[in-house]
Amino acid sequence: MAVKKILISILQLHKSAAGAMRNTHEQIRYFKAQAHEVHVICDLLDEEAVKDSGGIPHKTLKWPYTGNFRRKL
């Protein structure tokens, strides 16, 4: 059986007990238990927390156009 690769993309991912971050860590653990290779791509990320959950972290560059500057474009 071939190993399936799963990509999870989220804006920020830290070790947290609330909301989308907790849900994402649960998904990483679930897919890892199903023998999938889980990659997580994120702007702001706690690499150790992702590795502890069984995922492979990938950090992206932050979008430079935010706040008032973006609104004036």
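Okay, let's start at serine 16: leaving aside its neighbours within four places in sequence, serine 16 is in contact with Met21 and Arg22, where contact means heavy atoms within 4.5 Å. A word on the model: it's predicted, so local features need pLDDT of at least 70 and side-chain atom pairs count only at pLDDT 80 or more, while totals for chains, interfaces and linings use all residues. Residues are numbered from 1 along each chain as its sequence is written, and side-chain values use heavy atoms, with hydrogens and water left out.

Back to serine 16. You'll find serine 16 in the loop between strand 1 and helix 1; helices (H or I, at least four residues) and strands (E, at least two) are DSSP runs, numbered from the N terminus. Alanine 49 is 33 residues away from serine 16 along the chain, and their C-alpha atoms are separated by 9.3 Å.

We've got an open sheet of three strands, order 1-2-3, with parallel pairing; two strands pair if DSSP finds at least two bridges between them. At the edges are strand 1 (5-13) and strand 3 (56-59), each pairing on one side only. From one strand to the next, the twist averages 25°. Strand 1 and strand 2 (residues 37-45) run parallel over eight bridges, and leucine 13 has leucine 45 in strand 2 as its bridge partner.

Helix 1 (residues 19-33) packs on that sheet, touching strand 1 and strand 2, and its direction makes about 165° with that of strand 1. For the angles, axes are lines fitted to C-alpha atoms, for helices over the stretch in contact, and values run from 0 to 180 degrees between N-to-C directions.

So what about charges? Side chains of opposite charge can pair when their charged atoms come close. How many salt bridges does a search of the whole structure find? One, counting a side-chain nitrogen of Lys or Arg within 4 Å of a carboxyl oxygen of Asp or Glu. The partners are arginine 22 and glutamate 26, at 3.6 Å, N to O. Both lie in helix 1, four residues apart, about one turn of the helix. Arginine 22 is partly exposed at 39% relative accessibility, and glutamate 26 is partly exposed too, at 40%.

Terms used. Buried < 20%, exposed > 50% of the residue type's maximum accessible area, 1.4 Å probe, protein only.
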